[in-house]
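User: Hi! I would like to learn how to read pockets in a protein structure. Could you walk me through an example?

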Amino acid sequence: MHLARFPRIHLAHLPTPLEYLGRLTAELGGPEIWIKRDDCTGLSTGGNKTRKLEFLMAEAQAQGAEIVMTQGATQSNHARQTAAFAAKLGMQCHILLEDRTGSNDPNYKENGNVFLDYLHGATAEKRGGGLDMNAEMEAVADRLRAEGKSVYTIPGGGSNPTGAIGYANCALELVYQANERGIRIDHLLHATGSAGTQAGLIVGLKAINARIPLLGIGVRAPKAKQEENVYNLAVATAEKLGCPGVVSRSDVVANTDYVGEGYGIPAPSTIEAIEMFAQLEGILLDPVYSGKGAAGLIDLVRKGHFKKGERVVFLHTGGQAALFAYTSAFASPPAKIAAE
């Protein structure tokens, strides 16, 4: 894969760190646990979307767009990072925010990512839950185009073949780091939602024959639907990158046991994972994506799915800004992890 063939704006802080989580490893008593810190990519507290936006926003510029549009849930990390990227490039950003949780908590509706969206200068419209949000976005974009505006639309999560290139590149980066440091990776795990991160990773891993199993911990869709979404996007991404056929259906694996009551609603296991990472490693997770991904990691270690002697890498997709919209989900003060 020669990714320099694709337009890209180099703004992410790369490579992101690959760190050993010694206290979490000792607490769980299972495999070695490492973390790939994609919460450190830069731009408005960082997160996984920055990698995608390097390619998406370059495409927007190449098309002469003056307005960038995207959509997501109320506390969308992707919306916040798109707004930040647009601010950096001097472009207008307009966002459609979907109410997926029905929360009336003022903190949820106005703080966290929502506050940062507006701070970065974005404008926004709100929508009720259950709509085809990409269709809603395109309808608004068409209205703006009829007014003579040049609009570039980005699907939710930045999850299309252009955005997924960012995570094919992440796979190359991770394997290079592991090779240079002599770190054999037995498993790679992360939170999966709009599919672009998992699709890009699996294409990158397969294209270089890394032989690292990838597991996505679902945050919204049922298992069959999540895997279908990821596989379809991976196929399209592989074709875009010039390596069609590199991904088979069996390469795409998602576990959706940790969704809880629904998207954006933290389960007790989510809160436990956030508190464990914060109190054992000084690392902040978010209540929507990385917190549920980490809950899956912790539970699977406890169940013996990952064995002692193995090495597991957890890809931190960021999103900690959303914590400030979810203060009511935590006990006051938060539960303290037992002393060693």
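Analyst: Happy to! A pocket is an open set of grid points with protein on both sides within 12 Å along at least five of seven lines. Rolling a probe the size of a water molecule over the atoms shows where empty space is left. Keep in mind that this is a predicted model. Here, the largest pocket has a volume of about 580 Å³.

User: Which residues are the closest to the centre of the largest pocket?

Analyst: They are Arg100, Gly156, Gly193, Ser194 and Arg220, out of 28 lining residues. Two or more lining residues come from each of β3 (67-73), α3 (77-89), α6 (133-146) and α9 (223-240). By class, the lining holds 8 nonpolar, 14 polar and 6 charged residues.

User: How much space lies in the second largest pocket, and what classes of residue are in its lining?

Analyst: The second largest pocket holds about 170 Å³. Its lining has 8 nonpolar, 2 polar and 1 charged residues. Among them are Ile274, Leu284, Phe324 and Phe330.

User: What does the side chain of Asp186 make a polar contact with?

Analyst: The side chain of Asp186 pairs with the side chain of Arg184 at 2.9 Å. Beyond four places in sequence, Asp186 is in contact with Pro213, Gly309, Glu310 and Arg311.

How values were computed:
Residues are numbered from 1 along each chain as its sequence is written. This is a predicted model: local features need pLDDT of at least 70, side-chain atom pairs count only at pLDDT 80 or more; totals for chains, interfaces and linings use all residues. Side-chain values use heavy atoms; hydrogens and water are left out. On a 1 Å grid over the protein atoms alone, a cavity is a set of points where a 1.4 Å probe fits but cannot get out, and a pocket is an open set with protein on both sides within 12 Å along at least five of seven lines; lining residues have an atom within 4 Å of a point. Grid points are joined across faces, edges and corners, and a volume is the space filled by probe spheres set on the points. Helices (H or I, at least four residues) and strands (E, at least two) are DSSP runs, numbered from the N terminus. Ala, Val, Leu, Ile, Met, Phe, Trp, Tyr, Cys and Pro count as nonpolar, Asp, Glu, Lys and Arg as charged, and the others, Gly among them, as polar. A polar contact is a pair of N or O atoms within 3.5 Å; within protein, one must be able to donate a hydrogen and the other to accept it, and residues adjacent in sequence count only if both atoms are side-chain atoms. Contact means heavy atoms within 4.5 Å.
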